[in-house]
Amino acid sequence: MFDPTLFDLSGFQLVWIVAVFFLAFVVRGMSGFGAGMIAVPLLAFVIPLQLAVPLCSLLVFVLFVILVIRDRHEVVWSELRLLVPPTIIGALLGLWLFASLDNRMLVLMLGSFLVCYACYMLAVSVLGLPQLRCSQRWAIPVGFFGSFFDTLFGGGGGTLVVIYINARGIGRAGFRATVAALWFTEMIARIGGYAWAGFYDAKTLLLFVVLLPLMWAGTVVGERLGNRVNGETFSKILAVMLLASGISLLAK
């Protein structure tokens, strides 16, 4: 019989982790991003962020490896070359803070970030703001702050990159391939930093192996559901979920 104590977890904790990761990758399959934004806040209720963020990052990295191999010919290299350097710098600074702050401070920062971002998403949906356009000069702050928030919270900052690439007017194929290639690069820096700081022990890696099938299953289910759900409706649902998670974390 499977024993959750192998991971220093209770049965409830393990069931919660399994359900959360499946849900997170369903969302990722539907929208193309957001696994970390869904998984990490919910995981923070049962495990420390110092376990949740590195674990989630490792699972998302495997997915990005697959996507980069599949879509490498669609990458918009002119955009990627501008985004990579500030992305790596932001990840390194985020790693320093992640290793320095205690779990309670990280939870409060994550809750505040989620509430602000969810309110922004709802404002865009309700007010119907026009599509933005921007120049490549925005690549430096977007790359830096995107990876900084991603490294601290396991997700969320990537949304800045999504907004930037979309505002550059890049087509769907190039959009998906460029974002995946950028996050693949960011993940190498992040996971290397987490490993160097000692966040990956044998039990964490064993839990990662157990969760790998859920990553794939959730992604497949999400991609199929994504073809049936209106994009605007999905954005509102996601925003409400993030807002609820953020408020819950602040009240925790």
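Me: Is arginine 70 buried, partly exposed or exposed, and what is its relative accessibility?
Reply: Happy to start there, with the note that this is a predicted model. Partly exposed covers the range between under 20% (buried) and over 50% (exposed). Arginine 70 falls in that range, so it counts as partly exposed, at a relative accessibility of 45%.

Me: Which side chain does arginine 70 meet in a salt bridge?
Reply: For a salt bridge, a side-chain nitrogen of Lys or Arg has to lie within 4 Å of a carboxyl oxygen of Asp or Glu. The N to O distance for arginine 70 is 3.1 Å.

Me: How many residues apart in sequence are the parts tied together by glutamate 79 and arginine 168?
Reply: Glutamate 79 and arginine 168 form a salt bridge, with their closest N and O atoms 2.7 Å apart. Glutamate 79 sits in helix H4 (residues 77-100), while arginine 168 is in the loop between helix H7 (158-167) and helix H8 (172-196). The pair therefore ties together parts whose separation in sequence is 89 residues.

Me: Which helix holds both glutamate 186 and arginine 190?
Reply: The side chains of glutamate 186 and arginine 190 meet in a salt bridge, at 3.0 Å from N to O. Both residues are buried. They are four residues apart, about one turn of the helix, and that helix is H8.

Me: How many salt bridges does a search of the whole structure find?
Reply: In general, side chains of opposite charge can pair when their charged atoms come close. Searching the whole structure for such salt bridges gives a total of three.

Me: What is the area of the nonpolar surface patch made by Phe12, Trp16 and Phe45?
Reply: Phenylalanine 45 belongs to the loop between helix H2 (35-43) and helix H3 (49-71). Patch residues need over 30% relative accessible area, and phenylalanine 45, at 31%, counts as partly exposed. Together, Phe12, Trp16 and Phe45 make a patch of about 290 Å².

Me: How far apart are the end C-alpha atoms of helix H1?
Reply: Helix H1 has 21 residues (residues 11-31), so at 1.5 Å a residue it should span 30 Å. Its buried residues include Leu14, Ile17 and Phe21.

How values were computed. Residues numbered from 1 in each chain as written. Predicted model: local features only at pLDDT ≥ 70, side-chain atom pairs only at ≥ 80, totals over all residues. Heavy atoms only, no water. Buried < 20%, exposed > 50% of the residue type's maximum accessible area, 1.4 Å probe, protein only. Helix = DSSP H or I, 4+ residues; strand = E, 2+ residues; numbered from the N terminus. Patch = residues over 30% accessible without salt bridge, like charges linked within 9 Å, V, L, I, M, F, W, Y side chains within 5 Å. Areas by Shrake-Rupley, 256 points an atom, 1.4 Å probe, with all protein chains shown as cover. Expected span 1.5 Å × (residues − 1).
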